[in-house]
Amino acid sequence: MYNGDALTVTFDEKAIGVIPDESALWAGRVFCLPDGSYLQFEMVIGTLVVSRNGEKLRQTEAYGSALGDASAVRLAGRLIRYIGGYTVAEGLIRIWFANGLSGTMVFSLLLGSAFVVLAHFVYKRSASALTAAVACYCLDTVSLILFLMRTTCLALGAIAVHIGLTVPLIMGLIAMGRLNRTISAGHG
């Protein structure tokens, strides 16, 4: 069974081994079965390959999609942490060059700090934290677009980056939902 962190290998409903994380899976693992045969687990170009005595077995959808979902959630967490760090840095730079505080500078610092805290909880698989981060970032993106529409400078690059980062965040949110449903249904 796969729970997003470790892959527990079972045979006849008995655990025969654990692959602790995705990096161990990429390295490949072999487990001996009670009948003397062996199972080999490895990642090949992003796909889980399981073979018994050297013959590939049919991949189940649950393992492949769960591995992809866990990666999507981790990516979303990393992006949220990056967005938070960038936003805090932006606020600090504004304070440095403006020689004082304004509402937008304080807002940047608070929003960036909130993203960093939310990223911590996303790493702990909190769907609420990921939902809050995605909602905040989508609102930030919409406010950026509305602000830039009022100015003479239409920064298409900034809009493209915001929209480009929104896609993997939403994909991470969808993946978090699938992982949580799989785990709560007893399959993980």
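# Reading a pocket, its helices and a few residues

Author: The largest pocket of this model holds about 640 Å³ of space. A predicted model is what you are looking at: local features need pLDDT of at least 70, side-chain atom pairs count only at pLDDT 80 or more, and totals for chains, interfaces and linings use all residues. Residues are numbered from 1 along each chain as its sequence is written, and side-chain values use heavy atoms, with hydrogens and water left out.

Reader: Which residues lie nearest the centre of the largest pocket?

Author: Glu90, Arg94, Asp140, Leu144 and His162, out of 19 lining residues. The lining divides into eleven nonpolar, five polar and three charged residues. Nonpolar here covers Ala, Val, Leu, Ile, Met, Phe, Trp, Tyr, Cys and Pro; charged covers Asp, Glu, Lys and Arg; the others, Gly among them, are polar.

Reader: Which helices supply the lining?

Author: Helices (H or I, at least four residues) and strands (E, at least two) are DSSP runs, numbered from the N terminus. At least two lining residues come from each of α2 (61-98), α3 (103-123), α4 and α5 (156-184). The largest share, six residues, is from α2.

Reader: How many helices and strands does the protein have?

Author: Five helices and six strands. Their order from the N terminus is β-β-α-β-β-β-β-α-α-α-α.

Reader: What span is expected of a helix?

Author: Multiply 1.5 Å by one less than its number of residues. Helix α4 (residues 127-150) has 24 residues. Its first and last C-alpha are 35 Å apart, close to the expected 34 Å.

Reader: Which residues of α4 are buried?

Author: Buried means under 20% relative accessible area, exposed over 50%, and partly exposed in between (1.4 Å probe, protein chains only). An α-helix has 3.6 residues a turn, so residues three or four places apart point the same way. In α4, the buried residues are Ala129, Leu130, Ala133, Val134, Tyr137, Thr141, Leu144 and Leu148. Across the protein, 32% of the 188 residues count as buried.

Reader: What is Thr166 in contact with?

Author: Contact means heavy atoms within 4.5 Å. Thr166 sits in helix α5. Neighbours within four places in sequence aside, Thr166 contacts Tyr137, Cys138 and Thr141. Thr166 counts as buried because its relative accessible area is 11%.

Reader: Where is Leu39, and is it buried or exposed?

Author: Leu39 is in strand β4 (residues 38-44). With a relative accessible area of 8%, Leu39 is buried. Beyond four places in sequence, Leu39 touches residues including Val9, Ile16, Phe31 and Leu57. Leu39 and Lys56 are 17 residues apart in sequence, and their C-alphas are 9.6 Å apart in space.

Reader: What is the phi of Asn53?

Author: About 55°, a positive value, although Asn53 is not a glycine. Asn53 lies in the loop between β5 (47-52) and β6 (55-56). Asn53 is partly exposed, at 41% relative accessible area. Arg125 also has a positive phi, near 65°, and is other than glycine. The loop between α3 and α4 holds Arg125. Arg125 is buried, at 18%.

Notes:
On a 1 Å grid over the protein atoms alone, a cavity is a set of points where a 1.4 Å probe fits but cannot get out, and a pocket is an open set with protein on both sides within 12 Å along at least five of seven lines; lining residues have an atom within 4 Å of a point. Grid points are joined across faces, edges and corners, and a volume is the space filled by probe spheres set on the points.
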